[in-house]
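Dear colleague,

Please find below the structure that I am handing over to you. My notes on what was found in it follow directly after.

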Amino acid sequence: MAREPIKDWQGKILGWTEWSGSKKWLSDFYGKRLGYYDQSTNKTFDFYGRQVGTGDLLMTLLR
């Protein structure tokens with residue numbers, strides 16, 4: 001899995017994304033997983049497994 005940083009407009013790292021099979025995971029700056037996007041079903045889920053919506057909505061989980 002390759003981790004890719006998510007940065008704000010100043011270049012500060014806010015979190016990380018990484019692919020694992022057909023799932024794209026989102027972690028905050030400290031490494032806590034916030035949710036994932038399942039490419040095979042085209043749905044996004046939060047940390048608790050609740051569906052957030054259709055499509056890749058991971059950035060909405062990053063606060």
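In strand β2, the bridge partner of E4 is T17. Before going further, please note that this is a predicted model, in which local features need pLDDT of at least 70 and side-chain atom pairs count only at pLDDT 80 or more, while totals for chains, interfaces and linings use all residues. Residues are numbered from 1 along each chain as its sequence is written, and side-chain values use heavy atoms, with hydrogens and water left out.

E4 belongs to strand β1, residues 3-7, and β2 covers residues 13-20. Strands here are DSSP runs (E, at least two residues), numbered from the N terminus. The two strands run antiparallel and are joined by five bridges; strands are said to pair if DSSP finds at least two bridges between them. Five residues lie between β1 and β2 in their hairpin, where G11 takes a positive phi near 95°.

E4 is partly exposed, at a relative accessible area of 45%. On this scale, buried means under 20% relative accessible area, exposed over 50%, and partly exposed in between (1.4 Å probe, protein chains only). Setting aside neighbours within four places in sequence, E4 is in contact with G15, W16 and T17, where contact means heavy atoms within 4.5 Å. E4 and L61 are 57 residues apart in sequence, and their C-alpha atoms are 16 Å apart in space.

I13, also in β2, is partly exposed with 24% relative accessibility. Apart from residues up to four places away in sequence, I13 touches P5, I6, K7 and F29.

**Strand β3**

S27 is found in β3, which spans residues 23-28. Is S27 buried or exposed? S27 counts as buried because its relative accessible area is 4%. Beyond residues up to four places away in sequence, S27 touches G15, W16, E18, K32, R33 and L34.

β4 (33-38) and β5 (residues 43-46) pair in the antiparallel sense over four bridges. One of the facing pairs is D38 with its bridge partner K43 in β5. The hairpin of β4 and β5 has four residues between the strands, and N42 in the turn has a positive phi of about 60°. N42 is a residue other than glycine with this positive value, and it counts as partly exposed, at 33% relative accessibility.

β5 also pairs with β6 (residues 51-54), again in the antiparallel sense, over three bridges. F45 stands opposite Q51 in β6, and the bridge partner of T44 in β6 is G53. Four residues separate β5 and β6 in their hairpin, and G49 in that turn has a positive phi of about 90°.

**T44 and its surroundings**

Why does T44 count as buried? T44 counts as buried because its relative accessibility is 0%. Leaving out neighbours within four places in sequence, T44 is in contact with Y36, Y37, R50, Q51, V52, G53, G55, D56, L57, L58 and L61. A polar atom of the T44 side chain lies 2.4 Å from the backbone oxygen of G55.

**The largest pocket**

Which residues line the largest pocket? The lining consists of K32, R33, L34, D46, F47, Y48, L61 and R63. By class, these residues divide into four nonpolar, no polar and four charged. The volume of the largest pocket is about 160 Å³. A pocket is found on a 1 Å grid over the protein atoms alone, as an open set of points where a 1.4 Å probe fits, with protein on both sides within 12 Å along at least five of seven lines; lining residues have an atom within 4 Å of a point.

F47, one of the lining residues, is found in the loop between β5 and β6. F47 is partly exposed, with a relative accessibility of 47%. Leaving aside neighbours within four places in sequence, F47 is in contact with R33, L34 and G35. F47 and L61 are 14 residues apart along the chain, and 9.2 Å separates their C-alpha atoms.

With kind regards

Technical notes:
Grid points are joined across faces, edges and corners, and a volume is the space filled by probe spheres set on the points. Ala, Val, Leu, Ile, Met, Phe, Trp, Tyr, Cys and Pro count as nonpolar, Asp, Glu, Lys and Arg as charged, and the others, Gly among them, as polar. A polar contact is a pair of N or O atoms within 3.5 Å; within protein, one must be able to donate a hydrogen and the other to accept it, and residues adjacent in sequence count only if both atoms are side-chain atoms.
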